[in-house]
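Here is a short briefing to read alongside the model. Let's begin with a pair of helices and then move on to a sheet.

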Amino acid sequence: MQLAHIPLDQLNISALNMRHGKRAPDISDILPSVRARGVLVPLLVRPDGQPETFEIVAGRRRYFAAKSLADERGEGDPLPCAIMEDGDDADALEASLIENLARLDPDEVSQWETFSRLVRQGRTVPDIAATFGITDLKVKRILALGDLLPKIREAYRREEIDAETVRHLTMASKAQQKDWLALCADPDQYAPRGYQLKQWLFGGQSISTKVALFAIEEYPGLITSDLFGEDSYFADADLFWQKQNESIAARRDTYLNDGWSEVVLLEPGQYFHPWDYEKTRKRRAARSSSR
């Protein structure tokens, strides 16, 4: 059985799902957990005969909870799925029935405790993923909780901290985590959460590595990654701008060497208004501008 994260728009409810055809399910009991932690247990799906789309054999309520959350936030995360091979419909129906009989799942902090022991015993991420029937990405996400102070992990276990806040806290140094806990403990202070926490961690400038004009391996400073390892940021904004400006200057020199008579670099905050200029071919151009 293959494991993967599949976008919401590539999933639909299978006619073999034991709850198919009924009205939208009551998800009030699981929505708070999905809102705080996301969908933890893979849905059981199989190809539906169309390219890149799958039907849900088991996990209908988790799917509807994820859709509800996506409507709230304007976007949804891909869902963890176990992909069945095409086969007997009876097998799919049986799997749906079995899955709906047991829904109690351990919290992520308990999973981290188990996974950490296995790592100390020499197990690799793929080993753990295969043992527990989850994706490598999920294992890495759980193990990233080890970067958090015990008090933060326990607060997350008690659902006092939401998943987005925990994700950003995994990018924080131990000193920053202690400072954040101190803010939480002080009734006269505000402890930033979610997106505001990311801004707080980076002093108001959370600069993604995706915007760098230079090779990342040339950056001598610290780069931090979030819980999923999908997004990374420059920890030192001043050092980033030093390297970025060096790259901009090098590109300016390249344009001049290629025959442009002048290249104008705009200052930060200064905008280029295209209606003030006329487009023309390079051989006729007297000036070019860049920002």
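Helix α4 (residues 108–120) and helix α6 (residues 136–143) have axes that come within 8 Å and cross at roughly 100 degrees. That angle is why α4 counts as roughly perpendicular to α6, a label for angles of 65 to 115 degrees. Please keep in mind that this is a predicted model, in which local features need pLDDT of at least 70 and side-chain atom pairs count only at pLDDT 80 or more, while totals for chains, interfaces and linings use all residues. Residues are numbered from 1 along each chain as its sequence is written, and side-chain values use heavy atoms, with hydrogens and water left out.

**The α4–α6 contact**
- On the α4 side, Glu108, Gln111, Trp112, Phe115, Ser116 and Val119 meet Lys138, Val139, Arg141, Ile142 and Leu143 of α6; contact here means heavy atoms within 4.5 Å.
- The residues of this contact divide into 6 nonpolar, 2 polar and 3 charged.
- Helix axes are lines fitted to C-alpha atoms over the stretch in contact, and angles run from 0 to 180 degrees between N-to-C directions.

**The sheet**
- Five strands make an open sheet in the order β1-β5-β3-β4-β2, with mixed pairing; two strands pair if DSSP finds at least two bridges between them.
- At its edges lie β1 (2–6) and β2 (11–13), each pairing on one side only.
- Neighbouring strands are turned by 45 degrees against each other on average, direction ignored.

- Is strand β3 (residues 43–47) mostly covered or mostly open? It is mostly covered, as 4 of its 5 residues are buried, meaning under 20% relative accessible area with a 1.4 Å probe, protein chains only.
- β3 runs parallel to β5 (residues 79–83), joined by 3 bridges, and antiparallel to β4 (residues 54–58), joined by 4 bridges.
- Leu44 stands opposite Ala82 in β5 and also opposite Ala58 in β4.
- Val45 has Ile56 in β4 as its bridge partner.
- β3 and β4 form a hairpin with 6 residues between them, and Gly49 in the turn has a positive phi of about 95 degrees.

**The whole chain**
- The protein chain has 11 helices and 10 strands, where helices are DSSP runs of H or I with at least four residues and strands are runs of E with at least two.
- Of its 291 residues, 38% count as buried.
- Among contacts between residues at least 6 apart in sequence, 68% join residues at least 24 apart.
- The accessible surface comes to about 17,600 Å², of which 50% belongs to carbon and sulfur atoms, by the Shrake-Rupley method with a 1.4 Å probe.

How values were computed:
Buried < 20%, exposed > 50% of the residue type's maximum accessible area, 1.4 Å probe, protein only. Parallel < 35°, antiparallel > 145°, perpendicular 65-115°, else oblique. Nonpolar A, V, L, I, M, F, W, Y, C, P; charged D, E, K, R; others polar.
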